Amino acid sequence: MSLPADAFQPAPRRATEAETISRPSLSYWQDVRIRLGKNRMATAGLFILVLLAFLAVFGPHLADYTYYEQNLEGKNLAPSAEHWFGTDDLGRDMFVRTWYGARVSLLIGLAAGVIDLVIGVLYGGISGYLGGRADEIMMRIVDVLWGLPYLLIVILLLVVMEPGVLTIIIALSVTGWLRMARLVRGQVLQLKEREYVLAARTLGASGLRILFKHLLPNSLGPIIVLLTYTVPGAIFGEAFLSFLGLGVQAPFASWGTMI
């Protein structure tokens, strides 16, 4: 079947529409929000995290008990309408202690993660951007700290300092930033030779602007992935230290002391 030639006509063309943008541009965080909404597993994980944070804040107020109130006559009770999670060997309500302990564990995990993020990103970014002798010296310092037994350093700090939440955060952060620093250094070394970095340097951009405007934003992917491992690692570290008696002290509760 042949079509007549007059069935095809050129579309009208206007000079004013030549530069028209087909759709509005999206910012980085708008694109992140759209991608997150399309990923069901990520959305479900975010919902669980928000639920845990909500219960950590408001959970202890949902029951008429405190995390330290003892009742030896009602110890080791099974879950019931009065005690939703039962009681422990001292008669304390486990529901309240669970969510009060979530406050402590999440605080330690998030605080240690943020400290590792800030120190590791700054240290690794500066080392990778400077390069040369400065990079050699800074990385040898990291290698020395990396070679020290992590658990030994944490236990020594907890023995020397007074046990508490702040002490645990400091102990977990002393060497916790090393992995982040090495990751960021590698990313910066790879990105600093890209064309847009050379163009920014040619146009007179300062080193700090290049680092914080171009290099670190383009390294956010690996940084966020490592941060998602750092926070639960700090929570597990606190649980282990509390289990050994070096973490949160009684009558305070954390997931480690409850274990």
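Colleague: Does D143 count as buried, exposed or partly exposed, and what is its relative accessibility?

Modeller: D143 counts as partly exposed, at 30% relative accessibility. Buried means under 20% relative accessible area, exposed over 50%, and partly exposed in between (1.4 Å probe, protein chains only). This is a predicted model, where local features need pLDDT of at least 70, side-chain atom pairs count only at pLDDT 80 or more, and totals for chains, interfaces and linings use all residues. Residues are numbered from 1 along each chain as its sequence is written, and side-chain values use heavy atoms, without hydrogens and water.

Colleague: Which residue does D143 meet in a salt bridge?

Modeller: Side chains of opposite charge can pair when their charged atoms come close. A salt bridge puts a side-chain nitrogen of Lys or Arg within 4 Å of a carboxyl oxygen of Asp or Glu. Here D143 pairs with R140 at 2.7 Å, N to O. Both lie in helix α4, three residues apart, about one turn of the helix. Shared partners join E136, R140, D143 and R182 into one network of salt bridges.

Colleague: Where do E136 and R140 sit in helix α4?

Modeller: They are four residues apart in helix α4 (residues 132-147), so about one helical turn separates them. Helices are DSSP runs (H or I, at least four residues), numbered from the N terminus. The E136–R140 salt bridge spans 2.7 Å, N to O. E136 is partly exposed at 45%, and R140 is partly exposed at 41%.

Colleague: Are R92 and D88 buried or exposed?

Modeller: R92 is buried, at 11% relative accessibility. D88 is buried, with a relative accessible area of 11%. Their side chains form a salt bridge at 2.9 Å, N to O.

Methods:
Helix = DSSP H or I, 4+ residues; strand = E, 2+ residues; numbered from the N terminus.
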